[in-house]
Amino acid sequence: MDKSQKKALRAQYDRRHPEMGIVCWSNGSDMWIAKSTDTKADYNGSAFQLQLGSWPNREMQEAYTAEPSAFQWSVLKTLDYEEREDDHSDDLALLYMMVKEAHPEAKPMRPGKRYVNEDA
């Protein structure tokens with residue numbers, strides 16, 4: 001791949017409009033939620049970490065290890081936004097509170113850099 005192709009691919013990536021919102025892993029009895037600035041990337045990262053056994057939330061990791069086939073990933077709410085460069089942290093926090101209100105039993109995921117533990 002030459003430099004012009006790399007540059008074009010990089011520009012295309014920079015212009016993408018990632019889906020933002022509230023994501024959820026559940027196993028039927030428990031539910032873990034978190035804010036996400038890129039739901040597809042977060043799914044890939046969290047699924048990999050869970051399969052590897054290195055998920056930061058020990059309770060969630062133990063539940064996944066006990067029965068991985070019971071776990072399901074979903075996007076509960078998406079954030080509708082126009083500009084990618086704008087700061088959407090307040091909007092995501094409000095969306096998180098709305099989902100938490102609708103699902104009081106939901107626990108925070110507490111994973112890596114993209115997620116924030118709202119209850120800590």
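Predicted model: local features only at pLDDT ≥ 70, side-chain atom pairs only at ≥ 80, totals over all residues.

Biologist: What makes Arg16 and Asp38 a salt bridge?

Modeller: Their side chains come to 2.6 Å, N to O, and the cut-off is within 4 Å, so the pair qualifies. Arg16 sits in the loop between α1 and β1 and Asp38 in the loop between β2 and α2, so the bridge ties together parts 22 residues apart in sequence.

Biologist: Why is Asp38 called buried?

Modeller: Because its relative accessibility is 8%, and buried means under 20%. Arg16 has 26%, which falls between 20% and 50%, so Arg16 is partly exposed.

Biologist: What makes Asp30, Glu59 and Lys107 a network?

Modeller: Salt bridges link the three. Lys107 meets Asp30 at 3.2 Å, N to O, and the closest N and O atoms of Glu59 and Lys107 are 2.6 Å apart. Glu59 is in helix α3 and Lys107 in strand β4, 48 residues apart.

Biologist: How do you know that the span of α2 agrees with what a helix should give?

Modeller: At 1.5 Å a residue, its 14 residues should span 20 Å, and the end C-alpha atoms are 20 Å apart, so the two agree.

Biologist: Which residues of α2 are buried, and why say they line one face?

Modeller: Thr39, Asp42, Ser46, Ala47 and Leu50 are buried. Down the axis of α2, the buried residues fall within an arc of 125 degrees, so they line one face. They pack against β1, β2, α3 and β3. On the other side, Lys40, Asn44, Phe48, Gln51 and Leu52 are exposed.

Note on methods:
Residues numbered from 1 in each chain as written. Heavy atoms only, no water. Helix = DSSP H or I, 4+ residues; strand = E, 2+ residues; numbered from the N terminus. Expected span 1.5 Å × (residues − 1). Buried < 20%, exposed > 50% of the residue type's maximum accessible area, 1.4 Å probe, protein only. Arc of directions from axis to C-beta. Contact = heavy atoms within 4.5 Å.
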